[in-house]
Amino acid sequence: MANYLITGGAGFIGSNFLNACVKKHKEDNYICLDALTYAANLNSLQTIKNCDNFKFIHGNICDKRLVEEIFSTQKIDYVINFAAESHVDNSIKNPSVFIESNVVGTQVLLDASKKFGIKRFHQVSTDEVYGSGEVAAKEDAVLNPSSPYAASKASADLLVLSYKKTFDLPITISRSCNNYGKYQHCEKFIPHMIMLADENKPLTLYGDGSNKRNYLHVDDNVRAIDLIVRKGATGEVYNVGSSNRYSNIDVAKSILKLMGKNQDSISFIEDRAGHDYVYTMDDTKIKTQLGFCPEIDFNDGLTQTVNWYLSNKNQWLVK
């Protein structure tokens, strides 16, 4: 039996991770620490809230006293840090919030992990730390973030790696491409497009809509993270990618088609400052070393996602 601290567990990826792993690994205990900011939602944890191996604690990862109390009383063995401010537009408007949560919060968790001793600290990161480009970035590529959000995540990654080098803290990092699926806040691209289409409003895209992203279903990313934490080599970074690359306008059109809406209801606005055109990662390492491959086809996953949001729109498609 092991005790897992899951930070940001009421957010998008964290809640999907908890819903899968609390039921899959009944021999382990999962303690969720979440500040319940605007992008978190306790309703995403309804199916596990009464499970014997699950506990929720309301609090902020920047609260050193609370974090150390949790490590002490809950006897934490593993930390998986999902907690992060993650919306690029918001980071451009107010970078300081991202530095506080994504960098300082990570540092507080690392210090507690070092002080109390753990078996693994896993940092959940993003392909955005590599910056835009068509050359596939391997895990040891120079980080070249464009936005304050990406820079805060890159900073956190470097901090995590430094704790391995300086203090021999057992760490791993996963960097995934764009996740999609249920429980994602409607400010993010796919649920935002679904919300606009449902309200019969124009689907507004930055620039000409040609910016491209690779899409990974959140369930696939959850499997990858669980695999890395349990079987990944200490001190290693793993790219978690997919071959599902689509432009923003193509995804918007697919959503309109699935919802039976007019394909012409797309409009364009001035491009975002520092908008990366495309991210490209080499995910050979996790495939060859850990045997991981994504299982969910994008078209199937997008159909499931659209249907889920439309079935739960009164709760999830509301800003």
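Two strands pair if DSSP finds at least two bridges between them. Helices (H or I, at least four residues) and strands (E, at least two) are DSSP runs, numbered from the N terminus. This is a predicted model, in which local features need pLDDT of at least 70 and side-chain atom pairs count only at pLDDT 80 or more, while totals for chains, interfaces and linings use all residues. Residues are numbered from 1 along each chain as its sequence is written, and side-chain values use heavy atoms, with hydrogens and water left out.

**The seven-stranded sheet**

Seven strands form an open sheet with parallel pairing, in the order S3-S2-S1-S4-S5-S6-S10. Its edge strands, each pairing on one side only, are S3 (54–58) and S10 (236–240). On average, neighbouring strands of this sheet are turned by 20° against each other, direction ignored. Axes are lines fitted to C-alpha atoms, for helices over the stretch in contact, and angles run from 0 to 180 degrees between N-to-C directions.

S1 and S2 are joined in the parallel sense over five bridges. Thr 7 stands opposite Leu 33 in S2.

Helix H4 (residues 95–116) lies across S1, S4 (78–81) and S5 (120–126), and runs at about 165° to S5. Helix H7 (residues 218–231) lies across S1, S2, S4, S5, S6 (171–176) and S10, at about 150° to S5.

**Aromatic pairs**

Rings of Phe, Tyr and Trp (its six-membered ring) pair if their centres lie within 6.5 Å; planes under 30 degrees apart count as stacked, over 60 as edge-to-face and the rest as tilted. By this rule there are 14 aromatic pairs. One of them is stacked, because the rings of Tyr 4 and Tyr 30 have centres 5.0 Å apart and planes at 20°. Tyr 4 lies in S1 (residues 3–7) and Tyr 30 in S2 (residues 29–34), so the pair ties together parts that are 26 residues apart in sequence.

**The three-stranded sheet**

A mixed open sheet has three strands in the order S7-S9-S11. S7 (178–180) and S11 (245–247) are its edge strands, each pairing on one side only. Neighbouring strands here are turned by 50° against each other on average, direction ignored. S9 (residues 212–217) pairs with S11 in the antiparallel sense over three bridges, and Lys 212 stands opposite Ser 247 in S11. Helix H8 (residues 248–258) packs on this sheet, touching S9 and S11, and its direction makes about 85° with that of S11.

**Helices packed on H10**

Both H8 and H6 (residues 189–198) pack against helix H10 (residues 298–311).

| Helix pair | Axis distance | Angle |
|---|---|---|
| H8 and H10 | within 10 Å | roughly 55° |
| H6 and H10 | 10 Å | about 55° |

Angles under 35 degrees count as roughly parallel, over 145 as roughly antiparallel, 65 to 115 as roughly perpendicular and the rest as oblique. H8 is therefore oblique to H10, and H6 is likewise oblique to H10.

The contact of H8 with H10 is made by Val 251, Ser 254, Ile 255 and Leu 258 of H8 and Phe 298, Leu 302, Thr 303 and Val 306 of H10. In the contact of H6 with H10, the residues of H6 are Ile 190, Pro 191, Ile 194 and Asp 198, and those of H10 include Phe 298, Tyr 309 and Leu 310.

Definitions and conventions: Contact = heavy atoms within 4.5 Å.
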